[in-house]
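Subject: Structure handover

Hello,

Here is the structure you asked for. My notes on it follow below.

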Amino acid sequence: MSERVAVRKTYKLFIGGKFPRSESGRSYLVQSANVSLASRKDARDAVVAARAAVKGWAGATAYNRGQILYRVAEMLEGRREQFVALGLPADEVDAAIDRWVWYAGWSDKLSQVYGGANPVAGPYFNLSAPEPTGVVAAVAPEEPALLGLVSVIAPAIVSGNTVVVAASPVAPLAAVTLAEVLATSDLPGGVVNILTGRLAETVPTLAAHMDVNAIDLTGVADAELAADLEIRAAENLKRVLRPAPADHDWHADPGITRMTTLLETKTVWHPKGV
Amino acid sequence: MTATTTSARSDLTELGRSETALRTFLHGLPGVDQVGAEQRAAQLGTRSIKTTAKAEAIDLAIRMVDLTTLEGADTPGKVRALAAKALRPDPADPSCPHVGAVCVYPSMVPHVAEVLRGSGVHLASVATAFPSGQAPLEIKLADVRAAVEAGADEIDMVINRGAFLAGRYSEVYDEIVATKEACGNAHLKVILETGELATYDNVRRASWLAMLAGGDFIKTSTGKVPVAATLPVTLVMLEAVRDFRAATGRQVGVKPAGGIKTTKDAIKYLVMVNETVGADWLSPDWFRFGASSLLNDLLMQRTKLTTGVYAGPDYFTLD
């Protein structure tokens with residue numbers, strides 16, 4: 001009997017819940033694998049998919065979103081060995097799963113902590129409620145490949161945003177494998193879209209895109225590129241999360257700023273008494 | 001297609017006089033090769049139109065749009081807003097051309113006419129008991145006359161599909177002739193409702209029937225049935241207008257309507273027009289898109305080409 005030939009995986013993009021190749025047909029060799037090299041048009045398609053998913057995801061109850069995010073953590077746990085086999089340190093994988101669970105818990109607590117009743121001098125109830133800003137473009141840090149990625153995706157989607165994330169160009173396999181987890185976790189298609197390839201190609205398109213509401217520049221190490229992206233983002237007043245400092249400790253408590261930056265506050269006045 | 005070119009001109013004008021002659025002629029038209037038509041349409045859809053050619057195609061497509069609202073919930077205010085948009089689709093860019101026409105229900109015609117007067121944008125009205133066409137002939141004709149009197153210069157009529165499918169071609173023919181007469185100087189677009197005609201052969205027959213009876217335009221659909229304009233159906237209709245001009249010398253326009261939502265779709269149609277009937281039809285006088293959401297996508301693509309930045313729907317009107 002002949003020796004079995006192993007089936008090799010094609011690493012593709014993750015757009016709208018599907019795994020398409022790059023529209024350009026290009027790929028690049030990284031981590032001993034061929035990975036899709038996303039183009040401007042892939043970035044545009046991802047924004048279209050993310051926009052289409054906003055209504056359903058933002059409209060879902062916080063409880064439902066939380067359940068789906070917990071489910072993602074369950075699936076991550078089940079694939080722990082697969083991530084370790086990609087060369088990720090086991091403690092980073094564990095930290096990424098814990099980080100995901102931590103953010104999942106925030107889904108039905110965020111509006112209580114960050115919103116609430118405001119004291120006003122008049123016969124009114126005055127209530128502020130945080131709402132998702134819409135489509136978020138995000139740049140994952142180069143390292144740590146999985147923990148960093150989870151730390152930009154989870155805070156964006158927990159409140160009902162949808163996200164287009166540019167994965168680490170040097171370690172994209174963790175991102176594509178995470179996409180497989182997301183695709184099997186009841187997460188609606190388009191809520192998370194992952195682009196692999198060169199940042200300089202896709203991110204300026206996302207930063208200038210008029211249908212993107214916020215941009216998270218966490219993974220942009222090049223200060224000049226970061227400044228250029230902020231200028232592009234100013235055109236339609238995107239909310240901006242600045243790049244993380246080089247010595248950022250990803251294992252530390254992340255705080256809630258990453259979530260709250262990607263929110264819009266809605267305040268309503270309601271007459272009382274009578 | 002050779003059968004049509006061999007017909008003498010005089011024969012064609014006589015056809016309407018007898019049911020038998022009409023049936024013999026329509027059933028004598030060559031059958032449509034379904035697989036061939038679909039493959040040809042799909043193949044033409046793969047052409048890549050970029051940069052300056054794309055910019056020209058987008059402007060042409062904007063000039064060809066029949067900006068349409070045919071809802072029970074239409075109000076005078078809504079159609080006036082739509083007419084204003086037809087005149088100046090992109091308020092931020094004066095170089096953006098106006099659309100071909102505004103298409104509304106007859107009761108809304110007076111409100112649109114006020115806005116469009118003297119602008120060069122045509123005013124189309126659906127009539128003849130749109131969308132079903134199931135009303136007595138006198139009522140349909142009264143509908144047409146009312147729309148024309150109110151200021152419509154294009155009438156979109158629906159054919160009697162029940163009669164057509166039952167093979168009563170004379171009845172359909174006579175209705176179109178009567179409607180054309182009621183139109184006076186207004187252009188007549190004949191809606192075949194291809195989604196209800198079931199076969200491409202029927203589409204070809206209905207196209208010829210509408211042209212023989214005097215239609216100035218043939219239009220695919222009302223937009224009110226699940227299957228609206230498709231590329232293969234439009235291909236069959238384009239072939240029909242090409243052969244009709246070869247046989248009679250009269251040029252008839254084509255209007256696909258319904259389901260065309262993106263710039264990409266629109267450009268596929270333009271490629272097909274150019275490749276099937278040639279540049280003679282690449283003008284708003286001879287080819288139109290019946291659409292509502294298409295215009296915003298065209299404007300977004302146009303903005304992308306002029307600014308280099310992808311546009312978002314937040315910056316264009318909802319209508």
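A word used throughout is "buried": a residue is buried under 20% relative accessible area, exposed over 50%, and partly exposed in between, using a 1.4 Å probe and protein chains only. This is a predicted model, in which local features need pLDDT of at least 70 and side-chain atom pairs count only at pLDDT 80 or more, while totals for chains, interfaces and linings use all residues. Residues are numbered from 1 along each chain as its sequence is written, chains are lettered from A and ligands numbered from 1 in the order in which they are written, and side-chain values use heavy atoms, leaving out hydrogens and water.

Salt bridges

A salt bridge here is a side-chain nitrogen of Lys or Arg within 4 Å of a carboxyl oxygen of Asp or Glu. Over all chains there are 36 of them. Helices (H or I, at least four residues) and strands (E, at least two) are DSSP runs, numbered from the N terminus.

In chain B, B:Arg250 pairs with B:Asp216, with 4.0 Å between the closest N and O atoms. This pair links distant parts of the chain, 34 residues apart: B:Arg250 is in the loop between α12 and β7, and B:Asp216 is in the loop between α11 and β6. B:Arg250 counts as partly exposed because its relative accessibility is 27%, whereas B:Asp216, at 15%, is buried. Another group, made of B:Asp66, B:Glu154, B:Asp156, B:Lys189, B:Lys219, B:Lys255 and B:Arg288, is joined into one network by salt bridges that share partners.

B:Glu175 and B:Lys140 also form a salt bridge, the closest N and O atoms being 2.9 Å apart. B:Glu175 lies in helix α10 and B:Lys140 in helix α8, so the pair ties together parts 35 residues apart in sequence. Both residues are buried.

In chain A, A:Glu180 and A:Arg79 form a salt bridge with a closest N to O distance of 3.2 Å. A:Glu180 belongs to helix α7 and A:Arg79 to the loop between α2 and α3, 101 residues apart. A:Glu180 is buried at 17% relative accessible area, and A:Arg79 is partly exposed at 24%.

Strands

Two strands pair if DSSP finds at least two bridges between them. In chain B, strand β4 (residues 154–158) has five of its five residues buried. B:Glu154, B:Asp156 and B:Val158 are on one side, and B:Ile155 and B:Met157 are on the other. Strand β3 (residues 122–126) of chain B pairs with β4(B) in the parallel sense over three bridges, and B:Val126 has B:Asp156 as its bridge partner.

In chain A, three strands form an open antiparallel sheet in the order β3-β4-β10. Its edge strands are β3 and β10, each pairing on one side only. Nine bridges join β4(A) to β10(A), and A:Glu131 stands opposite A:Glu264 in β10(A).

Nonpolar cores

A nonpolar core is a set of buried Ala, Val, Leu, Ile, Met, Phe, Trp, Tyr and Cys residues joined through side-chain atoms within 4.5 Å. The largest core has 98 residues, and B:Ile155, B:Ile176, B:Trp208, B:Phe287 and B:Phe289 touch the most other members. Helix α12 (residues 231–248) of chain B gives the most to this core, with ten residues. A second, separate core has 53 residues, among them A:Trp57, A:Ile68, A:Leu149 and A:Ile153.

Regards
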